[in-house]
Amino acid sequence: MKRSASGLMAASAFLLATAFGHAAEPFNLAIPLPLTGGQAKFGEMMKRSYEMAAEEINAKGGVKGRKIVLSFEDSQAKPDSARAIVEKLIDVKKQPLIVGEYTSACAKAVAAVANERKTPYLIVASADDSITQQNYKYVFRQNVPNAYYAQGLVSFLREKVQPKTMAILYESSDFGTSGAADMEKWAGKLGCKVLVKEKYEKGAVDFKPILSKVKQAAPDVLFMVSYVMDASLLMKQIKELRLDAKLYAGGAAGFALPEFVDNAKDAAEYVMTATLWTPQVKYKGAKEYADKYKAKYGDFPSYHGASAYSALHVVHDALSRAKSMKSEDITEALKKTKLQTAYGPVAFEDKDGYQNQCFSETFVLQVQAGEHETVWPYAYANKKFIYPFPRWRDRK
Amino acid sequence: MKKPLIPLAVLAVLAVLPFSGLSTYMMHILILVLMWTTIGMSWNLLGGYCGQVSFGHAAYFGVGAYTAGLLYFKLQASAWWGIPLSVAVVSVFAFVLGYIVLKLRGPFFALATLASGEVLRITTENWNGFTNGTLGILIQERTWVAKTQYYYIILAITAFTFLLVRRLVASKWGYYFVAVREDQDAAESLGIDTTKYKTIALVVSAALTGICGAFYTNYMGFIDPHIVFALHDISIITIMIVMVGGVATQWGPLVGAGIMVLLAEWIRSIPGLGASHQAFFGVLLVLIILFLPNGIVGDFRKITRLFGRARA
């Protein structure tokens, strides 16, 4: 019964498709994302951004006259689910390329499958350095790897802060661990001593023991790598403990999301964070995208959304240039990408031990009066940075 | 007389499945079903027959996975050697752990096993020099691109586990296990060395789970502490598989794994359900446990009656 019903549905869908003519046969693109669980906030923002990009592309005629029809598959941030989805897309749906995923663990699982099956995979916001260091021919990454995340922040520290001491707190994940290790290296180059380097369980509720340790060490700078719930909780407890550092900084991810400010409220004030993109960057289309997103969903998007939004434009560009819709031709076209996007210039290079990696500038945001403002690099800043931070007891 | 034919028939069907032109996607799902079946059966030996409800099977899964991963990572050996080696490593580990936790009973045992899984996860996360910490272990190139080989390997492991558990349960030891489950003090008074038989059940159960862990490393090509020592995604799912399928039944784990993997995947792919698929699946599981407390296999008669076979 069930089989015949689905057979009927498939047949009628086929009839409908043919009735509307061959030329308009849509280009189906399914995107794996975390839509439930701890990373759902990021997945949601990316989903909205993909949809916005698809709408624009379709309004301009789609890919070679075919409309892009998006669908989303929830991988729950589990590598085996992500792999199941991608196996299905490649093998059953015959999708010639893969875009998406968020956590590094899932991206690793997807990248391995994509490369084995010779299907191009465009990574949008997974940070772990090693993903593009495996000599994968078919794996492309649009965001800079983790080692570069804090570049903008480090240049700010070097030129404006010159810290003598630092404390690093990071969550126990590959994103947190590699982010903290990279910052430690930078600190060494800045001649800054790392007094405390502590890992915490992500999703923890009480950070006071490790924060007390930080308070005792009294570092100039406190650097934290966290996803969104931990980020706001950390700042709230820092405020409660009256832990005064000259500067609190986050390593992108949780600290760069609007939810961070919403959740941490006034404890988020002045906090700086590294980020890969800001709504104020002077890339063509960035402002339009950010404003449109804000009008629709009430908040400015973070770099995750911008990268997803631009990734679909990169896909559109590659598909339009590709000789055919075959994976090999799309890979070739992706490799030759030179596109100005809202996320910045996108081109995939083999450099510094990375393959098919896009390198772009990174920025520093600061929360001022409850909004994320771009304060560094100087050329992109829309507000002047506030430093040193006022002590907690001097704040209202 | 009819009985031994059923497992052979099931095995034959499973053995020819790859020739029916299944997509690699279906093969991936089937591999996961078989892997979970094996973990479920091994849990069933300890939790179902011997009555020691373990909330920490992720510990054995993870130790097995890391045995294979570290062989590759530290010694540049093939991770496949992890399968035989994990039997030894996990057995020793379970024996030592059993010495501590098997002295506890009921909820205390459950909590101790739960803690052991978590302790291991945190240890692996922090022992950077040895385990590569939270960065995990990535196998650069998996042995095969095709799924068929992996499928037959896990099928062999599953068949072996099925046979072993069946033999054990039918043997004298099996009766000791059940005696321990039903009333430990009574069993003791009858002269059964309960600690010994609980340890046997634990070590066998752990070693079988460890094999699956080693297989997982080879198959997925990437492990990190959060994945293989996961409390929810491994330990709890294992219990759910056996609960849904049927505790202390031969076929329960297979049915349970089929439901937990296939049905979850199917519900996840229903278009338009979006992020609510997990709630939907959760409600379904609650209903199964409410109305079929002995699991689908355990309450099979109830199901057939419901669907009107008894009406005739």
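This report describes a predicted model with chains A and B.

## Ground rules

Residues are numbered from 1 along each chain as its sequence is written, while chains are lettered from A and ligands numbered from 1 in the order in which they are written. Because the model is predicted, local features need pLDDT of at least 70 and side-chain atom pairs count only at pLDDT 80 or more, but totals for chains, interfaces and linings use all residues.

## Confidence in chain A

The predictor gives each residue a confidence called pLDDT, from 0 to 100. Chain A has a mean pLDDT of 89. In that chain, 94% of residues reach 70 or more.

Helix α1 (residues 2-19) of chain A has the lowest confidence, with a mean of 49. Strand β4 (residues 121-123) of chain A has the highest, at 97. Helices (H or I, at least four residues) and strands (E, at least two) are DSSP runs, numbered from the N terminus. Residues 13-21 of chain A have pLDDT below 50. Beyond near neighbours in sequence, that stretch has one contact in the model. Two residues are in contact if their C-beta atoms, placed from the backbone, lie within 7 Å.

## Two domains in chain A

Chain A splits into two domains, with bounds from an automatic or database domain assignment. Domain 1 covers 25-144 + 283-357, and domain 2 covers 148-275 + 362-394. Their C-alpha centres are 29 Å apart. Twelve residues of domain 1 of chain A and 15 residues of domain 2 of chain A make the contact. On the domain 1 side, five residues are nonpolar, three polar and four charged. Here Ala, Val, Leu, Ile, Met, Phe, Trp, Tyr, Cys and Pro count as nonpolar, Asp, Glu, Lys and Arg as charged, and the others, Gly among them, as polar.

## Backbone details in chain A

Two peptide bonds are cis. One runs from Trp376(A) to Pro377(A), with omega near -5°. The other runs from Tyr387(A) to Pro388(A), with omega near -5°. Pro377(A) lies in the segment after β16 (371-376) of chain A. Pro388(A) is also in the segment after β16 of chain A.

Arg242(A) is not a glycine, yet its phi is positive, about 55°. This residue sits in the loop between α9 (228-240) and β9 (247-251) of chain A. Arg242(A) is exposed, with 10 other C-beta atoms within 10 Å. A residue is buried if 20 or more other C-beta atoms lie within 10 Å of its own, exposed if 12 or fewer, and partly exposed in between; C-beta atoms are placed from the backbone.

## Where the chains meet

In the interface, 27 residues of chain A contact 29 residues of chain B. On the chain A side, β2 (68-74), α3 (79-91), α4 (104-116) and α7 (174-190) each supply at least two residues. The largest share, seven residues, comes from α3(A). The chain A side has eight nonpolar, nine polar and ten charged residues.

## The fold of chain B

Chain B has 16 helices and two strands. Its C-alpha trace spans about 65 × 55 × 40 Å along its principal axes. Of the 312 residues in chain B, 49% are buried. Among contacts with a separation of 6 or more, 77% join residues 24 or more positions apart.

Helix α13 (residues 252-268) of chain B has 17 residues. Of these, 13 are buried, so α13(B) is largely enclosed by the rest of the structure.

Methods. The expected span of a helix is 1.5 Å times one less than its number of residues.
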